[in-house]
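Here's a quick tour of some local details worth a look in the viewer.

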Amino acid sequence: MKAIPSSQSSASSGGKWKTLSREVVEAKQQLATTADLTAEDREAAMQHLFATVDALSVFHKQDAVHQRRLIAVIVNRTGTEPLTAGDVAPITSYQRILSRLDRGLHSGIAIGPARDLWHECVSILRQLFTPPEIRISELDELAQSQEPTGQDLEKLKLLIVSPYHLRRFLGQINHPSWLDILVETQLLDPPTDHQGWPMFSAVDNLKEDHAPELATIIEKIAKKSIQIESSSWYPARAALDIGKHGHSTLKLCLKKYPRSPAISTFAVSACEKDPHADAFIEFVANVVLNHRNWEHSQVYVKNFMNTYRLGLNQNNGLRRLKILSYRISDVPEEELNHALFIMQNSSLGEYVADESGRGILPTLLGAIASCLKTLVETCASGDLLASVSPLPDSVRERAKAFVLANSRDTDIALINQEVASAIGKRDPLVDDDGLIQRVVDECSQDSYVSAWQTSLGNPPELQALGTALSERNLSAEWRRAYRWSAFLPAQVCAPWATAVAVISGAYGPATKRKDPIRATFGYGRSPITSEELSAMPPRQAAQWIANWSPSDAEWLVSARELGRALESTVSSNCEEWSRDPVIIASQIRHPTYIAHYLRGLANDASAIGTEAAGRMIDLIELTRTHPWPVVVLGKDDFDYDPTWRPTEHAGISLIKALAQSSIGFGGRDEYVWSILANEIENRSETSGIISGSADYLETAINRPFTRALEAAFSVISMERKEGNVRPEGLRIISSLLTLTDREGAEARAIIAPKARFIAYVSPDWLESIAPRLFGDEAPPAMGQIAVDLALQWGQPYEWILENYRGLIRDSIRRGVQNSLTHCMIAMLWGVQGYAPSETISFLSETAGKISEAGKSIGLALRGENIPGEFAGMAAEFWGMAIKDHTRELSGFGWMAEVKAIADNTWNDLTLGTLSATHGKIDLSQSVAERAADQEQSEQTLAILDSLIRGLEEEWDRREVATYAKSSLLSAASIVDTPNYRRLRNTLMERGLMD
């Protein structure tokens with residue numbers, strides 16, 4: 001029995017008990033012989049005896065080791081932890097038998113109990129190691145029993161080891177009678193660790209024909225597990241699947257865990273599935289719409305409110321209206337005030353939930369407005385007013401005004417009284433206009449004028465009113481009367497006529513309606529589209545731009561967006577727009593537009609004819625004189641360019657584009673170099689990216705002097721093609737190598753990645769500047785920074801790899817981006833100092849680097865036409881890693897992409913990798929795909945088997961299983977091999993194959 005778990009580990013403790021027990025006996029004998037020795041020697045012997053007893057005690061406590069190893073056996077066999085429910089748990093059964101065997105072995109045992117132990121050993125062995133096809137067949141046969149007995153239950157327990165076996169069985173039963181027996185065991189109890197629940201298989205199988213009986217079982221399970229929220233998730237989810245019969249279980253779980261997002265979502269989904277279950281829907285509403293639960297309900301409450309409103313009818317309408325009223329009454333005053341501020345004085349009936357995204361209160365307000373609009377047609381106003389009575393005062397007043405304004409059964413005297421009350425305590429609402437009009441139409445003036453004037457109160461003295469206005473301290477009563485003046489008849493407001501006129505002088509005339517506040521978002525836009533500009537000749541378009549000026553009436557329309565429209569237009573027709581650049585610039589005049597014009601030309605410089613190149617430089621020269629004053633075209637530099645400097649930057653971009661397109665400069669080369677020299681030497685402007693932690697290249701390409709440096713390299717490249725590289729240009733670039741700190745790093749961010757290009761231009765130039773760029777003559781730290789940048793942004797270059805190996809290794813240790821890739825390419829190229837043995841020895845110094853190297857090689861050698869020597873070098877490196885570095889192999893999964901490595905070699909190495917990693921590897925699906933795409937062999941089947949056993953993510957395991965099943969189908973010639981049977985059993989034990 002102990003050999004079962006030992007099969008999972010080479011560390012067996014077979015003879016250790018004998019050794020430890022013998023040491024105890026020897027220590028006791030030694031103590032017995034010390035009677036004639038000194039007290040000190042006797043004490044030492046006593047301590048030795050105690051130590052040996054302690055060692056034996058520790059060994060006995062290591063029974064847990066056997067348990068852990070047996071669990072590993074089961075996981076390796078079935079792909080999942082064994083069941084631990086009651087007397088079904090194979091681990092518990094095994095340990096109990098093992099303890100009794102130990103006692104019997106050392107204390108003696110009669111023949112009868114020994115025979116019983118033999119039968120129990122056979123049972124546990126059968127439970128653990130029954131072949132999957134036999135186990136599944138017996139499970140399926142047992143599931144067909146319509147009236148299972150206790151004997152059937154015991155037989156079932158002997159067939160179940162893992163959750164899959166139970167899931168398979170429950171998926172085959174066709175009658176809930178089995179569940180009646182199983183629910184009394186622990187087999188159907190939900191997990192507490194978010195694992196799969198086999199019971200879902202029974203739910204899927206029985207919910208159509210046995211929903212009521214199934215609901216009873218689910219509710220029993222929910223009651224057993226209700227004290228643990230994570231366990232309650234499972235019966236709640238199952239209850240959703242069985243429809244209306246599961247409502248009682250959902251109520252039970254939701255009542256216990258009202259703030260559980262998952263359980264609340266299940267309950268809401270159940271309402272959507274059964275919109276006529278009034279009692280259930282109203283129970284759910286009381287819970288999920290409660291303000292204390294809002295934090296967890298934002299996602300689903302809007303969908304729920306749709307169900308809630310659509311199911312409204314004359315029978316449930318007043319109840320649902322009151323529920324909403326109570327739920328809104330729970331809302332803190334601050335949130336209510338915000339919503340009412342957004343609404344202004346608009347009618348509650350006009351409220352739209354999308355007016356505000358703050359919490360779900362807008363959704364509730366929108367729902368109560370919708371309910372009122374529906375119910376006001378059929379319900380008595382008194383009943384409606386009673387239903388909205390729980391609302392907070394501020395909302396109830398709006399609801400009351402809406403009901404009275406839209407109900408035809410309201411007594412006119414009540415409306416009159418309501419208007420008088422409203423005038424005295426609140427601001428007017430849009431709905432009040434209808435109430436006032438009804439009173440005016442149906443009542444005599446004597447019945448309302450005096451009462452409404454009393455509610456308005458007495459107007460202030462003019463001196464007091466003037467003082468209050470000058471101090472911006474108008475009382476709330478005076479403001480209210482001013483606002484009501486827009487609604488009330490003139491004869492009611494007559495005493496206030498003068499005061500209202502004075503207040504109107506400060507605030508404008510009072511109005512009946514204020515639209516709700518809307519949070520508006522948008523993007524900047526041009527006053528004319530690029531398509532419209534493209535339809536005009538360039539000079540006409542330029543004149544249109546010159547004539548336009550921004551206006552406050554055109555929101556989000558700016559000169560910047562007009563410039564971008566111009567840039568797009570020029571880019572799409574560069575040839576035509578490049579014919580008269582100085583004339584075009586003289587028309588549009590403003591640096592904002594000229595900058596975008598230059599960028600448009602740069603975007604498609606290849607379309608500019610060589611005859612126009614000189615005119616481009618003429619334009620650049622003109623802009624650098626700042627020929628026209630800068631007119632203000634906006635509030636800040638987001639709207640327009642307040643200086644000519646951005647235009648000068650755009651000119652540098654055009655120079656770079658002309659050089660890259662080999663257009664040239666129309667004989668203005670000297671002038672171009674003078675501009676570039678000035679820009680490179682002027683380092684007063686910082687980068688547009690100001691974060692000190694940003695990458696050096698990122699800040700460099702956003703800084704004027706380094707952008708000019710990039711342009712200089714483009715010009716040098718053009719000159720090299722023409723065979724006429726100017727020494728002045730090389731000197732300008734070389735002079736930057738004395739810079740230090742961030743300026744020095746940013747200059748090197750442009751120069752260092754171009755080391756190969758520098759050698760192409762002039763090998764002597766590279767040799768002359770290398771010590772200052774990468775070597776000992778560089779300012780402090782600048783050499784290492786230059787190497788980092790060359791590795792991060794440049795292409796692998798053998799000269800750097802060979803001459804600065806120490807700096808490159810330092811980059812790798814610090815994890816500089818792409819540094820390891822350069823190192824592995826150097827190994828593949830056979831660069832001195834990068835042999836596989838040297839490289840793997842270096843990488844082993846830093847944890848994780850060998851695995852990363854496997855990925856780097858895999859990425860580098862993907863594709864076609866990879867030289868065979870590269871594949872051989874990669875395989876050699878991989879083999880060394882398997883031999884000496886078994887903990888860092890997962891990255892070699894990327895080698896599945898390297899088709900240049902022969903399948904036989906790849907199979908051997910992959911099997912070695914999976915053996916060392918216990919089936920865990922990167923890119924597992926690609927590994928499986930490559931194994932499946934070959935002619936099947938015992939090796940490919942072993943690879944797939946190892947993957948399925950080792951993968952932890954269910955998604956990956958199922959994807960790999962698809963390839964494994966395909967491989968089995970195409971492996972007819974090796975069906976009798978151990979690896980075929982092992983893979984088939986692995987799939988069957990995990991429920992991945994029938």
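This is a predicted model: local features need pLDDT of at least 70, side-chain atom pairs count only at pLDDT 80 or more; totals for chains, interfaces and linings use all residues.

The notes below cover the ground rules, then aromatic rings, charges over rings and backbone angles.

## Ground rules

Residues are numbered from 1 along each chain as its sequence is written, and side-chain values use heavy atoms, with hydrogens and water left out.

## Aromatic rings

The structure holds 21 aromatic pairs. To count as a pair, rings of Phe, Tyr or Trp (for Trp, the six-membered ring) need centres within 6.5 Å; planes under 30 degrees apart are stacked, over 60 edge-to-face, and the rest tilted. One of these is W233 with F266: the ring centres are 5.5 Å apart and the planes sit at 65 degrees, so this pair is edge-to-face. The pair links distant parts of the chain, with W233 in helix 13 (residues 229-241) and F266 in helix 15 (residues 261-273), 33 residues apart. Helices here are DSSP runs of H or I, at least four residues, numbered from the N terminus.

How exposed are the two partners? W233 is partly exposed, with a relative accessible area of 31%, while F266 is buried at 9%. Buried means under 20% relative accessible area, exposed over 50%, and partly exposed in between (1.4 Å probe, protein chains only). Both rings also belong to one aromatic cluster, made up of W197, F200, W233, Y234 and F266.

Then there's Y448 with W452, a tilted pair at 4.7 Å centre to centre and 40 degrees between the planes. Y448 is buried, with a relative accessible area of 1%, and W452 is buried too, at 0%.

## Charges over rings

Look at R320 next: its charged end sits over the ring of Y308, 5.1 Å from the centre. K754 lies over the face of F713, at 5.3 Å from the ring centre. The test is NZ of Lys or CZ of Arg within 6 Å of the ring centre and within 35 degrees of the ring normal.

## Backbone angles

Most residues other than glycine have a negative phi. S662 has a positive one, near 60 degrees. This serine lies in the loop between helix 37 (645-660) and helix 38 (669-681), and is partly exposed at 39% relative accessible area.

L923 isn't a glycine either, yet its phi is positive, about 55 degrees. L923 lies in the loop between helix 52 (903-917) and helix 53 (924-933), partly exposed at 27% relative accessible area.

Methods
Helices (H or I, at least four residues) and strands (E, at least two) are DSSP runs, numbered from the N terminus.
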